[in-house]
Amino acid sequence: MNWRTKTEAKIELFSDWLFDNAKKTILIIFLLVAALGSQLPSLKIDTTTEGFLHKSDPMRVEYDIFRDQFGRDEKLMIAVKTENIFDLSFLKKLDSFHDALESELPNIKGVDSLINARNTYGIEGELIVEPLIVSLPETKGELFKLKETVISNRLYENSLYSEDFTMTTVTIDTETYSNDGLSNEPVNIEFDDGLEFDDGLEFDDGLEFDDGLEFDDDSLGGQRVYLTDAENDEIIAKTQSIMQRFDGDNFEIYLSGSAAIAGIFKQALMNDSVIFISLMMIVIMVVLFALFRRISGVILPLACVSLTLITTVSLMSVFSAPFTMATQIMPTFLLAVVTSASIHLLAVFYKDFSKTNDKKASLRYAMGHSGLAIIMTSITTAVGLWSFSFSGVAPVADLGVFASSGVMIGLVFTLIFLPALISITRVKTLKTNLDKEGQTLMDRSLIGISVFATGRPKLIVSVSAVLIICAAIVASQLRFSHFPLQWLPEDNFARVATEAVDKNLKGSLTLEVIIDTGETNGLYNPELLKVIDDVSKNINSISTGNMFVGKVISYIDVIKETNRALNENREEFYAIPDDPDLIAQEFLLFESSGNDDLSSLVDANYSKARLTLKTPFIDSLEANIFIDNAQVYLDQKFGPLAKVTFTGIGTLMTVTFEEAIYSSAFSYVLAFSLITILMVLLIGNVKIGLISMIPNILPIIFLSTIMVVFKMPLDMFTLLIGAIALGLAVDDTVHFMHNFRRYELQYNDVDKAVRLTLLGTGRAITLTSIVLALGFLVLTFSQMNNMFDFGVLTASAILVAVLADFFLMPAIMKLIIKDKASM
């Protein structure tokens, strides 16, 4: 008696105990689930870009420092298209639209447009900084003068107006922090050589220290919380409401910007999740009733999967893990996986019960026959998912942790809660439609497969080898890509708006660059300013493909404007002064004018500056190449003058995808290694265990081929499929090999072992694969293209895995195991 038979014997004893203590077991489980379920209302949804990185990730830390200092760079950009922006009626409507946004939107710092754009000029040596339009023009002469002023200011081009004057923008600057209060995390304050006060010390509403670190009256008790998803959603919803009031002929409004895209993703996530779960429940009920033709065969598995979902999602809430784009697939996945495990147990139970009419004995037999296999398949599936828990991408890591936990929770409910429910449920025997030989149609089909697979093993292995080689060659052409905008349908308003802004205004996103001189007043250095000016003019020289810099915004624009204004508004003085004292004086004059634009461009000590690069929304892979090249370029340009680093939402997008590639590679290796070890342990033979993993590689190879043929990119979501497909494919292999080894050791006949295996577990494998495939095909109803691809590819992997286990696996076993019965 080996460890497998000993384990099966213990599972049978456990089954008897469950049967005798069913009601107590059910009560305890319900109480535990109810306690955890009380945490469900606290579950949060997070679709923010920074949410893709762990809070301890260096890039996330740098970004948090950036927005603490300079504010939130995720802005809502509204583009307004018309025949001519310099039209009296258009400007009046734009003014009303601007006022409505400014007065009605919650949690915003302000609204920027042509109406209130900064206009800097001088009168008799006095610096004047005021809104571009103090009062709306009423005559053609005033309108012409306004147009001249706008065109003469280089800061407005491709920012406030398009080259053909048919589009302008309205930018909504949201608050950095939430109004919901403080987090519970303590604030750690570190000082280098002691407390240092300098010119940046201000006693206003709060206390400000070096580097712009502020303590408001309400923030001393904890760390301030950044603007939440819910608050961002509220801003977007109210903005859309206002847009509907003003949208019309000759005033076409487009909503764009990274904040808007994040809001659309969240909206799609919430809508899709409801659809996925509802459709999956319908699929499960139909398949279960078709399989078992009993109400109990539908209700019992649904009870297991429902409690599994409630428990798993509640655990996410308990551990403050948000629901994200990645974890969105988890409910559908768990529904399919836990239902599949239930089918394996119930199929054996009902079949035996129809013969014995003894519920306790049939339950014991089913638990002993399938219990160990269910345990092993749950472990292999969980391992495939758990491999993601090491990912540097936070939502993917959460998927790894909680989906794998959900699988193991489902295992507990399948082997404890489901048998307990069976014990107290009235079960009737049903007549089965059998032919003269006592077989069903599926039985005859499975016998035919076994005869073919064991009768032509060399042919099957040879054809499979050729297909694998061809598929691998095609799969080698697979391309990496991460383009979140293309996840949206082509007619989605946010995608249409973003593409329109990219085309007409040369960019809808920004890359942020921090220039750190490392010393107080370091930004007064004329040499540094001239380097920034040179970079602003020439950084496009390193752009390639679809990537370009449409505009560069920095504090040198303020210096140039101020210098020109103080020199009789002469254009030749739109330049950087050579005297650092004069630069300091011009900064002081600009601050004294009442305009606060500098606060979002430099820090209080004038040691750090922000350089904003306006770029189009493109594939993150292209953007990442640009950032790498730009980093080298900027390091060479600035040299010892300053340390230059990229940050901001645009940068986080590219870093996230790069991190996902490396993490996925590690996950695949880890998952395959651990699952192989488990397979060897289950089978009890190293050689057979290793060889049995070959068919499980097929789904991944053929998925790659499908992606190449249909031009599907290898992005953050399709990268997840490999490990998930491996875990699911191995499930069928475990069930097949577990039963095959039992019969092969018993009869020493490969053909008979394959036939009995397919007759015994083949039916359950077929039906569970159908459930899994249909479960993932439910994702094709998503509003998002990436979820559609995920569903199709994962379902395809499951079907390929079934074919491999039904044909290739028996053929391989026939070739490597010598029949002792024939000797």
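Helices here are DSSP runs of H or I with at least four residues, and strands are E runs of at least two, both numbered from the N terminus.

I'm working from a predicted model, where local features need pLDDT of at least 70 and side-chain atom pairs count only at pLDDT 80 or more, while totals for chains, interfaces and linings use all residues. Residues are numbered from 1 along each chain as its sequence is written, and side-chain values use heavy atoms, with hydrogens and water left out.

**Nonpolar patch**

I looked up helix 13 (residues 457–475), which gives the most to the nonpolar patch, with 3 residues. The patch is made of Phe452, Leu459, Val463 and Leu467, and together they have about 340 Å² of accessible area. My patch rule takes residues with over 30% relative accessible area and no salt bridge, joining like charges within 9 Å and nonpolar side chains (Val, Leu, Ile, Met, Phe, Trp, Tyr) within 5 Å. Areas come from the Shrake-Rupley method with a 1.4 Å probe, and for residues only the protein chains shown count as cover. Leu459 sits in helix 13, and its relative accessible area of 47% makes it partly exposed (buried is under 20%, exposed over 50%, partly exposed in between).

**Helix 15**

Next I checked the length of helix 15 (residues 526–538). At 1.5 Å a residue its 13 residues should span 18 Å, and its end C-alpha atoms are 18 Å apart, so the two agree (the expected span is 1.5 Å times one less than the number of residues). Its buried residues include Leu528, Ile532 and Val535. I listed what the buried residues pack against: strand 11 (509–516), helix 16 (556–565), helix 17 (580–592), strand 13 (608–615) and helix 18 (620–638) (contact means heavy atoms within 4.5 Å).

**Salt bridges**

I then went through the salt bridges (a side-chain nitrogen of Lys or Arg within 4 Å of a carboxyl oxygen of Asp or Glu), and that rule gives 25. Arg67 pairs with Asp64, the closest N and O atoms being 2.9 Å apart. Both Arg67 and Asp64 are buried. They are 3 residues apart in helix 3 (residues 58–70), which means about one helical turn between them. Glu571 meets Arg564 at 3.1 Å, N to O; Glu571 is partly exposed at 36%, whereas Arg564 is buried at 11%. Glu568 bridges to Arg570 at 3.8 Å. I also noted one network, in which salt bridges that share partners join Glu50, Arg60, Asp64 and Arg67.

Key. Buried < 20%, exposed > 50% of the residue type's maximum accessible area, 1.4 Å probe, protein only.
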